[in-house]
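Thanks, everyone. I have one structure to go through today, so let me put it on the screen.

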Amino acid sequence: MSLTDRGRMARLRISPVPLQPLLPLFHRLNREHFSGALVCCGQPLTAVRWSDGRMSRTAGYYRRGPGVGEGRGSEIVLSRPVLEPLPQEATESTLCHEMIHAWVDLVQRRRESHGPLFRAQMAAINAAQSRFQVSVRHNYPIPVRPPRWVAVCASCQRRTPCRRRIRHAACRSCCNQHHGGRWHPSCLLHYEPAE
Ligand SMILES: [Zn+2]
Ligand SMILES: [Zn+2]
């Protein structure tokens with residue numbers, strides 16, 4: 001695949017459907033379930049944003065630290081690749097989960113992750129409405145990334161899709177068959193970009 005093709009693919013993966021803006025949702029959830037405590041002078045206490053297209057291991061996170069959230073000191077990030085294909089309740093539930101973390105941290109000023117304060121607030125929100133449910137874990141299907149490489153054995157020419165390149169890796173079946181199971185340079189794998 002050429003570099004231009006790859007650039008085109010990367011652009012195509014970004015859905016043309018506009019993502020739901022998070023701030024109005026944040027303000028509504030803040031009013032409905034946090035008594036307005038997560039907003040001060042009209043400004044959210046934490047930055048809120050969608051991830052870029054690469055964050056695919058989790059649906060969302062909250063973090064605090066110097067320089068985080070463009071200097072705001074904390075941020076909530078929701079995963080675009082995980083949440084984009086799912087119904088809007090998933091976005092709402094994930095945002096609400098991360099808002100509970102922000103509330104525990106910035107309003108209650110307690111150091112806990114999914115501790116008693118978090119769980120009590122989560123239970124209260126789940127009991128108060130039936131539009132979405134917040135859970136301790138984000139149980140959403142994580143999109144499977146297609147393997148980026150094909151490993152090709154110099155000896156048997158067998159082609160195996162793989163996610164990462166490993167230096168000096170050799171073909172297991174050739175090493176077993178011809179070299180008593182020991183690594184041998186004649187069975188080194190080389191890598192080609194997957195189609
Ligand atoms: Zn959490
Ligand atoms: Zn081989």
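I'll begin with serine 35, which counts as exposed because there are 10 C-beta neighbours inside 10 Å of this residue, and the cut-off for exposed is 12 or fewer. Keep in mind that this is a predicted model. Serine 35 is in the loop that links α2, residues 22-33, to β1, residues 39-40. Its phi is near 50 degrees, a positive value in a residue other than glycine. As background, most residues other than glycine have a negative phi.

What is the phi of cysteine 41 near? It is near 55 degrees, again a positive value in a residue that is not glycine. Cysteine 41 sits in the loop between β1 and β2, the latter being residues 43-44. With 4 C-beta neighbours inside 10 Å, cysteine 41 counts as exposed.

Now the sheet. Three strands make up an open sheet, ordered β3-β5-β4, with mixed pairing. At the edges are β3, residues 47-50, and β4, residues 60-64, each of which pairs on one side only. On average, and ignoring direction, neighbouring strands of this sheet are turned by 15 degrees against each other.

Look next at β4 and β5, where β5 is residues 74-78. These two strands pair in the antiparallel sense, over five bridges. Which residue in β5 is the bridge partner of arginine 63? That is glutamate 75.

Helix α2 lies across β3 and β5, and runs at about 135 degrees to β3. Helix α4, residues 88-107, lies across β4 and β5, and its angle to β5 is about 165 degrees.

Last, α5, residues 116-128. This helix has 13 residues and reaches 18 Å from its first C-alpha to its last, close to the 18 Å expected at 1.5 Å a residue. Which residues of α5 are buried? They are Phe118, Gln121 and Ile125. Viewed down the axis of α5, the buried residues fall within an arc of 75 degrees, so they line one face of the helix. In general, an α-helix has 3.6 residues a turn, so residues three or four places apart point the same way.

On the other side of α5, the exposed residues are Pro116, Ala120, Ala123, Ala124 and Ala127.

Notes:
Residues numbered from 1 in each chain as written. Chains lettered and ligands numbered in written order. Predicted model: local features only at pLDDT ≥ 70, side-chain atom pairs only at ≥ 80, totals over all residues. Helix = DSSP H or I, 4+ residues; strand = E, 2+ residues; numbered from the N terminus. Buried ≥ 20, exposed ≤ 12 C-beta atoms within 10 Å, placed from the backbone. Pairing = 2+ DSSP bridges. Axes fitted to C-alpha atoms, helices over the stretch in contact; angles between N-to-C directions. Contact = placed C-beta atoms within 7 Å. Expected span 1.5 Å × (residues − 1). Arc of directions from axis to C-beta.
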